[in-house]
Amino acid sequence: MAYVFPLSIYTCAKCQISHNLKKNISVCITKPISNHLALLLSPASLGSYFHTLFVSTFPLFLNPVFLCFISYLPLFSASSVFSPKQSISFCLSSSTHHSLRMAVKTIELLKGSASIEEIIEVLTTVASDLGDDVVDDLSTLQVIPLKGAMTNEVFQVNWPTKNGDDLRKVLVRLYGDGVEIFFDREEEIRTFECVSEHGQGPRLLGRFTCGRVEEFIHARTLLAADLRDPDISALIASKMREFHNLHMPGAKKVQIWERMRKWLGEAKSLCSPKDATFFGLENLDEEINSLEKKLSEGYQEIGFCHNDLQYGNIMMDEETRSLTIIDYEYASYNPIAYDLANHFCEMVADYHSDTPHVLDYSKYPGLEERQRFIRIYLSSQGKKPNNAKVIQLVNAAEKYTLANHLFWGLWGLISSYVNKIDFDYKEYARQRFQQYWLRKPTLLDTQSIQL
């Protein structure tokens, strides 16, 4: 049955404005979930901007309550009292507090045909496999959004272990909108499992329609500043060499150019005429062909590359100082110089700043820093490289920054049309293309660096 829900005021933490919600809000009391009352609210205007709300003046028939869980439930959109794809679910449990004022944690758990039941079923199976009690009480779940992801949405989900003294932690990854343009999900899953079998990453614990459950790595994610710490940078260089030497399924051939051409085709089909002209898409076919020809001259070492080694994809155990590289959506065989170039380019970004899309190229590593990194990279297997080999790889990596700029420029442009994550993808793309055109004349005419 449905009721008008006279909720009066909430304050949105995103815009710090109080909004009157007395109009157009309906409540449907559905079947209890683990002895909790499930409430579905609309309207759609709350949408994806419903981040953290402070709620007050609940009607007497709902008090006392404790707001402990929230998710979007497209599953219930067929109900006449809900707006499609935008209904919001509250799981409520008892409290002695008469008038509540609390933060609401949000997690978008459902997309497409997936349902909350499917995800809870997967989490229940995972909990059972890990030796914990069945997760049948949603109020025991703690859901913590993890910032910095730009392709997927990532959450830490906790629940009490069987003995009740500790929390079990897993990572829930919700696949981003439109990401199938960038890579094949089944292939990415195979890569994930293979890397895990090599002992290089987290285990896959479960899958559901719109995402998966992964082992939670008990380590901290690096910060932007960590990439410039000489000791941590040395660890990254050695770990990168180890990753490049992984034996993975598939042909050991360069993938970057084919993928870039595919993305260019997608960008042309998605972009408005204005954007297509602004970003010069009509001329990029020739640009990619020319760049491939110039960068492919001479010998290139091919390795299994991560292709997205930004700081957020590296985790460090503070006690052992061991590193784990995570998130392999873009991983494939490529020239190792391309992956080194990508890592250097990522040093200009801080995805946890107030302006995460802004790239500060004054922070790009200087020649001495790049030389040190590559020397450690080449030395990590116990054999000291000669100067000529260091020179060759430093030069190659610097030229491959151009391929990186085109690659991530196209990624940003496409993402601006298909991805709903709060990130200025188009401005990010503009900066990457700008760097390409700025650096191209210098880099393609550069003579070998002398050490």
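Leaving aside neighbours within four places in sequence, I236 is in contact (heavy atoms within 4.5 Å) with L222, L227, L309, I314, L323, H343 and F373. The model is predicted: local features need pLDDT of at least 70, side-chain atom pairs count only at pLDDT 80 or more, and totals for chains, interfaces and linings use all residues. Residues are numbered from 1 along each chain as its sequence is written, and side-chain values use heavy atoms, with hydrogens and water left out.

**Nonpolar cores**
- A nonpolar core is a set of buried Ala, Val, Leu, Ile, Met, Phe, Trp, Tyr and Cys residues joined through side-chain atoms within 4.5 Å; buried means under 20% relative accessible area and exposed over 50%, with partly exposed in between (1.4 Å probe, protein chains only).
- The largest core has 83 residues, and I236, W257, M260, L281, I374 and L410 have the most contacts inside it.
- Helix α9 (residues 387-418) gives the largest share of this core, 16 residues; helices (H or I, at least four residues) and strands (E, at least two) are DSSP runs, numbered from the N terminus.
- L123, F155, V172 and F208 are among the 17 residues of a second, separate core.

**Helix α2**
- G199, with a positive phi near 75 degrees, follows α2.

**Residue D422**
- D422 lies in the loop between α9 and α10 (425-444) and counts as exposed because its relative accessibility is 60%.
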